[in-house]
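Dear colleague,

Please find the structure below, handed over for your further work.

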Number of protein chains: 2
Amino acid sequence: VRRLRDVGEHGWIARLARRLAAAPSRRVVLGVGDDAAVVRSGRRPLLLTTDTLREGVHFRSGWTTPAALGRRAFRVNASDLAAMGGVPRFALLALEVPPNMAVAALDRLVDGFVADAGANGAALVGGNLAAGRRLSVTVLLVGEAPGRVVTRAGARVGDGLYVTGTLGGAGLAVRRLAARRSGRLPDPPLRIRAGTLLARVARAMIDVSDGLVQDVGHLCRASGVAAEIDASALPLAAGLRGPRTGVTFAATAGEDYELVAVVPASSARALARLRRRLGCRLTRIGGVVAGPPTVRLRDAAGRIVTLERAGHDHFR
Amino acid sequence: VRRLRDVGEHGWIARLARRLAAAPSRRVVLGVGDDAAVVRSGRRPLLLTTDTLREGVHFRSGWTTPAALGRRAFRVNASDLAAMGGVPRFALLALEVPPNMAVAALDRLVDGFVADAGANGAALVGGNLAAGRRLSVTVLLVGEAPGRVVTRAGARVGDGLYVTGTLGGAGLAVRRLAARRSGRLPDPPLRIRAGTLLARVARAMIDVSDGLVQDVGHLCRASGVAAEIDASALPLAAGLRGPRTGVTFAATAGEDYELVAVVPASSARALARLRRRLGCRLTRIGGVVAGPPTVRLRDAAGRIVTLERAGHDHFR
């Protein structure tokens, strides 16, 4: 018997995407397999995405406050929309809550979610509440695209690879929390505005949730290209020292929720013009090359950096 | 400290609905507190709903097959849309799966969901897959309303109370399964077509998920009315014997996923015309009366039937 742990999270999703693609629908612009789904209802495209935060899997009790968990639940979902140039509009919250959880704590969680959503154009409109052994927060986010919708497919040989913000900070916080049981998970960054701006010039985008190398790998597979990443160019989060360890850690740690954008050289000027409006750093970290869909990380001397793992898989 | 078990599922949701209503949005036609949310994107109203099926809470392993669980996940969510006159269009599946679950079983679950959704006009367009100790299936359903959107509010004194199909069958199956550990959970009925037809004449609707008396109570609170239910008129599922036990059981057992529609006397003719097109039985079970929002069940002699509980609450 083949188990989920044999095929892995991404292997199973890729299989499902292929099976569903066999029966396409005119109203489904983009189904399973990208950051968010794109559907058509009326004239406007709608973006749909969902993500879960579960105690014991995605966070441990004591790593975060209820309000920060609410913000996190909003932001990790908003990140998927941002990676397509979308903005969040409507949210549902499907909660599983231990019966002995304090009402005030659950209220703070929802308030954290609602406040962050509201500040970013989205309203909580419904959900579900069920009893469970562990706290689990599933968010369903419906978004719109003010401009172009940018998928993972579309990268071409010669394009540049850019990343917003810095990498490795969330991974470092998790490592410290797991070791010392102190500190807090940092809030994921908000890249909604950056996403809509980058969508004007990007041929492909993805957000870094499971690790840069793995997520750029998804983009490469969707686009049918390979990528070379310049390890020395990676914008490391503060606190990541030791050039070699720091870089491989930042390239694979995940939970950064930064955006990777693939921009053609022909859009360099347009990119330069919108750079200062992004609200965050933007770093060129490599380029798209021909070949089977793999991601190579090279050090300053041009040597390929070997990685033990590319990123996170729930079942492996 | 007040715990969730102190305020209960419905108490907490009612509080949240009041808090969110303090900051209304022009794009949110109907937020937390009805069967589904109604939002506006472009010109058409969109209906959004979510519901979770969790092993150990909503079903036990062995009570159902993977394919039937997939169908159930679709149908309990479609029921919420049907209760507003909506039809499902797009679905996301947020899954939590034990790593040792067989891939073939998960495939059958998703296939059961996709087949049932497809046969009813909806496409699976995305989702999330995470590892967990127990199998949990959360569905987000996005729907459209071909005609009027019917909420829980709107019932008026003098209106008739109608229910589709029969009551108590699912509760009976659960009772037998829990006692004998044999049999299967029946598939919930599909009332999507019935919902869109009833929406033409109904002033208010709700689906029976937690128990008839409790769910009609929600409708009464939303409408600011009371309801009288004629116990002898309840359409009992096959196998429910013993007039008194059978009736109180059917009135409170839940999981029927039938629709309750409130229809004014002035629409009696229109109702008669569309009755045969519903695809299911429709029974008048009582009427809307004045008074504080309570539900009274009366036996054939007019005596009030006392109920130990009105229905299901996850935290009580």
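This is a predicted model: local features need pLDDT of at least 70, side-chain atom pairs count only at pLDDT 80 or more; totals for chains, interfaces and linings use all residues.

Residues are numbered from 1 along each chain as its sequence is written, chains are lettered from A and ligands numbered from 1 in the order in which they are written, and side-chain values use heavy atoms, with hydrogens and water left out.

In chain A, six strands make up an open sheet of mixed pairing, ordered β1-β2-β3-β6-β4-β5. Helices (H or I, at least four residues) and strands (E, at least two) are DSSP runs numbered from the N terminus, and two strands pair if DSSP finds at least two bridges between them. Because β1 (28-30) and β5 (123-131) of chain A each have a single partner strand, they stand at the edges, and one side of each is left without a neighbour in the sheet.

Strand β4 (residues 87-97) of chain A pairs with β5(A) in the parallel sense over eight bridges; there, L92(A) is opposite G126(A).

In chain B, strand β9 (residues 226-230) has four of its five residues buried (under 20% relative accessible area, 1.4 Å probe, protein chains only). β9(B) pairs antiparallel with β11 (residues 282-289) of chain B over four bridges, where A227(B) has V288(B) as its bridge partner. With β12 (residues 295-298) of chain B, β9(B) runs parallel, joined by four bridges; D230(B) is partnered there by R298(B).

As for the helices, α3 (residues 103-119) of chain A lies across β4, β5 and β6 (136-144) of chain A.

Kind regards

Note on methods
Contact means heavy atoms within 4.5 Å. Axes are lines fitted to C-alpha atoms, for helices over the stretch in contact, and angles run from 0 to 180 degrees between N-to-C directions. Buried means under 20% relative accessible area, exposed over 50%, partly exposed in between (1.4 Å probe, protein chains only).
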